[in-house]
Amino acid sequence: MTNKLLVKNAKQVILICNNGEKFLTKNDMQKLCVIEDGSLVIGSDGLIKDIGPASAIELQYAGASFDHVIDATDMCVIPGLVDAHTHPVWAGDRVHEFAMKLAGATYMDVHRAGGGIHFTVEHTRAAPASTLLASLTGRLARMQRAGTTLVECKSGYGLELQTELKMLEVIEAARCTLPINISSTFCGAHAVPKGKTAAEATTDILQVQLPRLRERMSAGALQVDNIDVFCEQGVFDLASTRAILQAGLDMGLNINFHGDELHPMNSAQLGAELGALAISHLEEVSDEGIAAMATAKTAAVLLPTTAYILRLPQPRARDMLEAGVIVALGSDFNPNAYCCSMPMVMHLACVNMRMSMSEALAAATINAAYALGRSHTHGSLEVNKHGDLLVLNAPRWEHLIYQLGGHQEVIRYVVIKGNVVYNNDQTMDL
């Protein structure tokens, strides 16, 4: 039987872990599994079939046939990156708001001025699904070129049934037609719609949106994985957040929500109590919240781009790491924080949140996959996992983080399920 892909003679193959770990914490994030001078084989099913020293793989597969062979001499191989938090379906950019923020306006100042989420909601409601799918396809292709092979995609710019379903249908269409792996999230509680109170919005989600979503999922028309709420002062309080998250959990959705971003809300404690898979942001998390997340094995999805752009306090990554929290990373790609690049996210995490490069890579692979309930299939290079990987044109994998904005040159190939989806051949005839 023909195998899909042989990647041979890599200077380094970064497995991340090799004992079926679902996540890494504390010191294990500093001791990533590495094979020097390694090769790997991806079978016809797109799963990793074998991985090991180049000499052993060469001997074992002498005479075997492959659809494609990559000679990775003097290059490095790492797992495909996982982006655990994005808002990629929307119409109408907010470049004008960037100028407002540079002049000193806060996130909530912009929100109260009719900008922010409500500006995007207005444009997204008016946009046809075809327009939204075309822009989503372009954004996901850009993420893929930057090394992302699994991405979480949220709805949340509809705030009413029809537009939320339209966004989820667009995400579903992308999931079914594009090579990039997608985890879909219902985020109908992203903001309180204009003209409604938070209580009215909560009732609409519980009595209208979620029941309709359940019908579409039961009919096989939509695959949705997670439920999200923006738990924040002036948006959804703890009681509303609890009710919506519990309803989603009862539908079989994973809890993966925004918490403790702008104000301390005790979101981390709530998430831990409900058995949340992940909580994002956490710039204002308390010591008690950190301890609760560590105990509950609830992942912290940290978003250094958002703290950077909004000039917020940096998430307390070191405190979380030392407490044993499962720390993951996401880009928070959205009209407010326009970043498609997980290598840049990792760089910011290292510089601004004081993570080591090994911690950042673990947070953007195995731990981000765990935050999406996918670490049994993604996030490390292990036999029987998806053959998703990057080949880096660099002598050490750390160049992907070290070279700020340099990923466009460092990433040579992007592979998803054994298929080369991006070949960054920069050679040219002169």
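**View 1. The lining of the largest pocket, by residue class.** In this predicted model, the largest pocket is lined by 13 nonpolar, five polar and five charged residues. Here Ala, Val, Leu, Ile, Met, Phe, Trp, Tyr, Cys and Pro count as nonpolar, Asp, Glu, Lys and Arg as charged, and the others, Gly among them, as polar. The space in this pocket comes to about 570 Å³. Of its 23 lining residues, Arg142, Tyr338, Cys339, Cys340 and Met344 are the closest to the centre. Two or more lining residues come from each of helix H2 (95–102), helix H5 (129–145), helix H11 (304–310), helix H13 (342–352) and helix H17 (407–410). A pocket is an open set of points on a 1 Å grid over the protein atoms alone, where a 1.4 Å probe fits, with protein on both sides within 12 Å along at least five of seven lines; lining residues have an atom within 4 Å of a point. Its volume is the space filled by probe spheres set on the points, which are joined across faces, edges and corners.

**View 2. The two domains around the largest pocket.** The domain assignment gives domain 1 (3–78 + 381–423) and domain 2 (82–371), with bounds from an automatic or database assignment. Both domains give residues to the lining of the largest pocket, so this pocket lies between them. Their C-alpha centres are 29 Å apart, and the contact takes 31 residues from domain 1 and 34 residues from domain 2 (heavy atoms within 4.5 Å).

**View 3. The second largest pocket.** About 220 Å³ of space lies here. Look for Phe98, Lys101, Tyr107, Tyr308 and Arg311 among the lining residues. H2 and H11 each supply at least two residues of this lining, which by class has eight nonpolar, two polar and two charged residues.

**View 4. The open sheet.** Eight strands follow the order S6-S7-S8-S9-S10-S11-S12-S13, with parallel pairing. Helices (H or I, at least four residues) and strands (E, at least two) are DSSP runs numbered from the N terminus, and two strands pair if DSSP finds at least two bridges between them. Strand S6 (81–83) and strand S13 (327–329) are the edges, each with a single partner strand, so one side of each has no neighbour in the sheet. Three bridges join S8 (residues 181–189) to S9 (residues 226–229), where Asn226 is the bridge partner of Thr185.

**Reading the views.** Residues are numbered from 1 along each chain as its sequence is written. Local features need pLDDT of at least 70, side-chain atom pairs count only at pLDDT 80 or more, totals for chains, interfaces and linings use all residues, and side-chain values use heavy atoms, leaving out hydrogens and water.
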